Structures are given as C-alpha cells and as structure tokens.
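Student: Could you help me read how two chains pack together? I would like to go through it step by step.

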Amino acid sequence: MIETEQIEVHLLHPSEPGDALVFEAKLLLDPELRDKIQWQKEAYRMVKLYGRNQLKQEIEAVHQKLFTQPEHLSFSQKIRRLFTNR
Amino acid sequence: MPGFKFSNRDAEDREKLFINLYKSTFPVVARYVGKMGGSFDEAKDIFQDALVIYYEKSVESTFELKTNEKAYLLGIAKHLWLKKHKDSSKHVPIDGFDIENEEPAQASDLKILNFLQTAGKKCMDLLRSFYYDHLPLQDAATLFGFSGVRSATVQKYKCLEKVRETVKEKALTYEDFLD
C-alpha cells in the first residue's frame with residue numbers, strides 16, 4: 001500500500017517534498033519497483049480513458065434528453081432550424 | 001466567472017451542468033458550424049468534444065477561467081472545427097490555451113477497458129472520481145459511502161493495485177499494447 005502511494009507521488013506529484021531521494025535510491029536497486037511504476041502509469045491512463053468514456057456517455061444522454069423530450073421542444077426546434085432551409 | 005469551480009460533482013450535478021451548457025452555448029456553436037457548411041451531426045460531435053475538453057480543464061486545480069464559459073466553449077469548438085477542416089498538422093492556438101493532442105486509444109486499450117469495466121466497475125468508478133473528476137477526498141468518501149477520508153484512501157490504493165495488476169496481465173496478452 002505505502003509503496004503504491006510512493007509510486008503515485010513519484011508519478012503524479014514529483015515536485016512534492018518527501019522521501020524522493022530514498023525512493024530514487026530504491027528504484028536503482030529494485031527492478032520489480034521499476035516494473036510496478038510502468039504498470040501504474042498504464043493504470044492511470046486506463047482510468048483516464050474510462051473517465052472520459054463515461055463522461056461522453058453522460059453528455060450523449062443529455063443530448064438525447066434535450067432532443068427527444070417534449071419539454072425541450074422549443075430548444076431542439078431552434079437548433080434544427082439552423083440546419084434546414086439551406 | 002473567474003475562478004469558477006464545481007462545488008460537487010456527482011452524476012446529477014454533471015447532468016445539470018451539461019444541460020445548462022447545452023442551452024447556453026450549443027445554439028451559438030451550431031450556428032457557427034452551420035455557417036461553415038457543417039451538418040447537425042458535425043455540430044453535435046464538435047460541441048460534445050468541446051464539453052469534454054472544457055470539463056477536463058475545469059476540474060484541474062490550476063484552472064482559472066479568464067473569460068466566460070460560453071466564450072471559452074465557443075473558442076474550443078471553433079478550434080476543433082478548424083483543426084478538422086484544415087491541414088491537420090497546422091497548429092491552431094486558442095485564447096492562450098493549448099489543447100494537447102493525445103494519442104488516440106488503441107484497439108488493445110479498448111479491450112482492456114472493456115475487461116476492467118466488466119470485472120471491476122466499482123473500483124473504476126472510485127478511481128474515476130479521484131483521478132479524472134479530481135473530486136476532493138472528503139467528497140469522494142461521502143459519495144462512495146466511506147466512513148472517512150482514510151478508508152476511502154485505503155480503498156483507492158487497493159483498487160489502483162488491482163487495476164495495475166489487471167492492466168499488466170492483460171497487456172502482456174495483447175501484442176500491440178506496447179507498440
């Protein structure tokens with residue numbers, strides 16, 4: 001757990017004071033730690049992709065709501081009119 | 001609205017935010033895209049991409065909106081339109097902000113993502129709130145029903161380790177992953 005936290009600081013907050021030097025020294029001696037860092041980086045990238053995908057779905061749901069529900073009819077008609085008569 | 005920040009960011013708050021932004025800004029973006037000869041679907045795609053960029057920027061702790069959100073969103077949308085319809089290598093800066101070009105997701109990314117989503121949606125949702133939505137610790141703890149900040153943090157790292165192991169294991173089975 002603590003190690004995962006240290007890797008996080010190393011990857012995401014490198015300028016934060018802490019045991020940076022101790023960590024760097026450990027890194028030199030421990031190939032397994034280097035491996036973990038590499039995969040933790042990938043894990044963050046995956047979480048970001050996941051977050052972005054979820055957000056896009058939320059936005060699409062809002063779009064569907066605005067363009068199908070009768071209460072938003074005047075809004076959707078206003079937009080649609082911009083693309084007709086051309 | 002300088003220094004604008006979301007106070008809370010659960011799904012309901014985001015829905016309200018996006019409805020408001022749609023109502024305030026989609027008409028001007030659609031008008032712009034229409035004027036440039038684009039279709040309704042193009043306007044929709046560009047506006048939705050702009051919303052994602054706006055959201056990601058606005059949750060960063062260093063973000064400060066120097067203009068109103070409507071002007072900012074329109075700026076991003078115009079940038080995206082020009083980028084799409086001009087030479088793609090040409091750099092179009094917007095209002096002092098730089099939209100970084102990220103590598104698009106690979107097919108292997110999507111496979112892993114799919115797996116993570118099915119095998120551990122709870123963990124992914126928790127990690128999303130920390131690392132994507134940048135929710136303050138206390139808010140995340142409340143949202144996910146933890147007794148306090150400490151137990152939320154412990155769970156966060158447990159999830160992160162689980163995802164790290166899964167990503168490693170899966171990646172090694174998909175050849176194109178490290179290309």
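Student: At what angle do helix α3 of chain A and helix α2 of chain B pack?

Tutor: This is a predicted model, in which local features need pLDDT of at least 70, side-chain atom pairs count only at pLDDT 80 or more, and totals for chains, interfaces and linings use all residues. Residues are numbered from 1 along each chain as its sequence is written, with chains lettered from A and ligands numbered from 1 in the order in which they are written. Helices are DSSP runs (H or I, at least four residues), numbered from the N terminus. The axes of α3(A), residues 31–68, and α2(B), residues 40–58, lie 10 Å apart, and the packing angle is about 130°.

Student: Are α3(A) and α2(B) oblique or parallel to each other?

Tutor: Angles under 35 degrees count as roughly parallel, over 145 as roughly antiparallel, 65 to 115 as roughly perpendicular and the rest as oblique. With an angle of about 130°, α3(A) and α2(B) are therefore oblique.

Student: Which residues of α2(B) does α3(A) meet?

Tutor: Contact requires C-beta atoms, placed from the backbone, within 7 Å. From α3(A) come Arg52(A), Leu55(A), Lys56(A), Ile59(A) and His63(A). Their partners in α2(B) are Lys44(B), Gln48(B), Leu51(B), Val52(B) and Tyr55(B).

Student: Which element gives the largest share of the side of chain A that touches chain B?

Tutor: The contact takes 30 residues from chain A and 39 residues from chain B. On the chain A side, α1, α3 and α4 each give two or more residues. The largest share, 21 residues, comes from α3(A).

Definitions and conventions:
Axes are lines fitted to C-alpha atoms, for helices over the stretch in contact, and angles run from 0 to 180 degrees between N-to-C directions. Two residues are in contact if their C-beta atoms, placed from the backbone, lie within 7 Å.
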